[in-house]
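Dear colleague,

Please find the structure below, handed over for your records. My notes on its helix packing, chain contact and domains follow.

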Amino acid sequence: MTDDVLTVRDLNVAVGGRKLVEDVDFTIRAGERVGLIGESGSGKSLTALSVMGLLPEGLRATGSVRLAGVDHDLVGADETRMSRVRGKEIAMVFQEPMTALNPTMKVGRQIAEVLLIHRTRPDRASARTAAVELLAQVGLPDPAAAADAYPHQFSGGQRQRVVLAIALANDPALLVCDEPTTALDVTVQARVLDLIVRGAQDRRSAMLFITHDLAVVATVCERVMVMYGGRVVESGPVREVFTRPRHRYTQGLIGASDLTVVDDHGRLITIGGSVPPAGHFPAGCVFRNRCASATERCATRPDWVPTGPDSGYSCFHPVSESDVPESGVHKIGANEPGVPTNQEAGLG
Amino acid sequence: MAEQPTSATLAPEPRTGPVDAISVRDVTRDYRRPRTSLRRPSPPVHALRGVSFDIPQGQRFGIVGESGCGKSTLLRILAGLDRPTSGSVAIDGRDITGLPERQLKFVRERLQLVFQDPMSALDPRMRVGDIVAEPLVAQGHPNRTERVAELLEAVGLGADAAQRYPHQFSGGQRQRISIARALAPRPKIIVADEPVSALDVSVRAQVLNLIADLVDELSLTLVFVSHDLSVVRHVCDRVAVMHDGQIVETGPTEQVYEEPRHPYTRRLIAAVPTLGKALSGVSAADLNREYRP
């Protein structure tokens with residue numbers, strides 16, 4: 001398709017001989033919102049940082065990351081070339097808004113800075129006007145006064161809105177969000193998520209949204225990739241993946257995050273064991289040491305099984321349609337109506 | 001729930017009826033802000049404004065609220081780490097508000113805390129065995145090694161964990177260490193402040209199960225603080241919703257969740273994203289718009 005904004009092929013990130021991200025492949029089209037979910041140590045943040053060219057020292061990325069409108073590969077591009085792309089074609093919203101902002105600079109100037117550096121506004125006066133306009137777009141009351149305030153004068157949610165204003169300043173083709181609402185309260189989170197989605201929609205920006213929260217990704221994104229042990233183990237449309245997961249890890253993750261389902265003993269559904277430290281995942285299928293369905297076959301690496309243009313999974317023992325839910329699963333209270341849980345979905 | 005008040009089998013003073021594990025009466029707490037004017041003092045911050053509730057023995061009590069609502073101040077006062085400006089707090093029927101630190105020893109034994117961030121709650125230079133034994137040392141208990149091994153087994157870590165350091169454990173395992181430490185002096189009340197907020201999804205369910213099991217087995221009273229209503233819904237029998245230093249709604253968890261009465265509770269529940277809501281088409285804009293089904 002010609003609409004492709006971000007094309008990632010065979011992305012690998014390694015430190016020394018240890019692979020942290022392995023063979024990641026995906027495409028995001030204009031206006032499309034794609035989620036990347038996984039637990040800590042799964043490699044999701046490293047994937048985002050490789051796209052941004054912000055990998056910490058000592059980590060090396062190989063493969064290819066192409067962005068529409070940029071005539072070079074982002075992997076291996078030098079800092080001069082990357083700094084022309086960053087803040088203009090690609091922008092990022094970070095998890096911690098306090099560290100993403102400069103505490104010694106008024107926020108209006110911080111927004112104007114990205115406009116002036118990339119020469120999208122001719123002079124300071126017009127950049128300032130644009131900055132106030134952006135602050136209004138992210139819903140800060142009295143944007144002109146806000147432009148003259150310092151980051152410490154804002155609450156966490158307001159700071160995250162300032163970070164979003166900076167990210168949106170140059171109408172980026174790709175907006176990368178790395179756990180943008182993890183540090184926020186629920187009502188503030190709802191507000192910021194709404195602003196992020198609207199900001200990206202208005203600009204038809206492609207979006208890569210990283211989170212460990214399944215519910216957030218389902219709310220925000222159309223498509224989702226599930227990462228574990230540095231690999232994408234399953235991907236597909238949100239509804240498909242969350243109602244009919246194929247990979248055993250996805251199934252476990254959905255089960256463990258559903259706090260309304262318990263077994264015969266009133267206990268929550270869990271995945272056994274814990275996430276190994278990065279680089280210490282088992283060979284073959286990375287999930288096999290925590291998987292109840294694992295067999296000897298899983299000692300070799302499962303191939304990617306495509307189930308659609310943007311969907312597939314890599315598992316030798318995928319969850320099948322005829323899988324009967326484990327016995328003794330109970331639902332607490334009346335859940336939201338009309339929505340199958342993964343267990344119910346399994347019944348068809 | 002299964003636990004009945006055990007009418008304090010070995011309590012020093014015999015009582016007639018079951019005594020509430022925690023009883024909070026009309027507690028307020030004001031903080032002074034630094035002066036910004038020479039002429040007049042800064043207005044005080046009212047962190048808690050007339051908070052009252054009772055937690056019977058064996059109940060699992062949830063406190064829900066967003067940052068700045070006063071829940072941490074309330075916890076500190078419950079644990080005897082801070083004093084209310086007015087009002088009173090009683091633990092097992094004994095008023096702790098006026099007591100000097102040396103007379104709070106019984107609170108330190110009866111009530112233990114589990115914190116949110118297991119990394120900053122554990123001293124990185126101490127071995128796990130010493131961390132878990134510390135409350136026992138402080139209170140002069142004998143036979144510490146045996147007790148530590150027993151505790152580490154109880155939280156599913158194995159006795160050999162005692163020789164290792166906190167950094168050698170994952171987040172979920174560290175939270176298990178915090179729980180073992182809290183259980184060491186055989187408390188009857190556990191106060192957990194956002195104990196699973198920092199954990200990965202796959203580990204969160206394990207730790208919640210562990211807390212539920214231990215509360216059952218040891219017939220503990222649990223005070224569970226969280227910003228996440230769905231976690232509280234799973235864990236607690238009763239819940240109090242805090243907003244702006246006050247309890248705006250309290251009741252059985254299921255009832256508060258299904259039929260919230262206070263507008264703030266409704267907003268809080270509406271703003272929580274869930275898989276179910278998302279798959280039935282609720283967007284971020286809907287969450288923000290105080291969505292009501």
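**Helix packing and contacts**

Helix α11 of chain A passes α6 of chain B in a left-handed crossing; a crossing is called left-handed if the near helix is turned anticlockwise from the far one by less than a right angle, and right-handed if clockwise. The model is predicted, so local features need pLDDT of at least 70 and side-chain atom pairs count only at pLDDT 80 or more, while totals for chains, interfaces and linings use all residues. Residues are numbered from 1 along each chain as its sequence is written, and chains are lettered from A and ligands numbered from 1 in the order in which they are written.

The axes of α11(A) and α6(B) (residues 201-217) lie 8 Å apart at an angle of about 45 degrees. Axes are lines fitted to C-alpha atoms, for helices over the stretch in contact, and angles run from 0 to 180 degrees between N-to-C directions. The pair is therefore oblique, where under 35 degrees counts as roughly parallel, over 145 as roughly antiparallel, 65 to 115 as roughly perpendicular and the rest as oblique. Helices (H or I, at least four residues) and strands (E, at least two) are DSSP runs, numbered from the N terminus.

From α11(A), Gly252(A), Leu253(A), Ala256(A) and Ser257(A) meet Val201(B), Ser202(B), Arg204(B) and Ala205(B) of α6(B); contact requires C-beta atoms, placed from the backbone, within 7 Å. By class, this contact has four nonpolar, three polar and one charged residues. Ala, Val, Leu, Ile, Met, Phe, Trp, Tyr, Cys and Pro count as nonpolar, Asp, Glu, Lys and Arg as charged, and the others, Gly among them, as polar.

Between the two chains, 38 residues of chain A are in contact with 40 residues of chain B. On the chain A side, α8 (186-203), α9 (214-220), α10 (238-243) and α11 (248-257) each give two or more residues, and α8(A) gives the most, with seven. That side has 18 nonpolar, twelve polar and eight charged residues.

Within chain A, the axes of α4 (residues 107-117) and α5 (residues 124-137) come within 8 Å and cross at roughly 120 degrees, which makes α4(A) oblique to α5(A). The crossing of α4(A) and α5(A) is right-handed.

Chain B is assigned domain 1 (22-259) and domain 2 (260-293), with bounds from an automatic or database domain assignment. Their centres, taken over C-alpha atoms, are 28 Å apart, and each domain brings nine residues to the contact.

With kind regards
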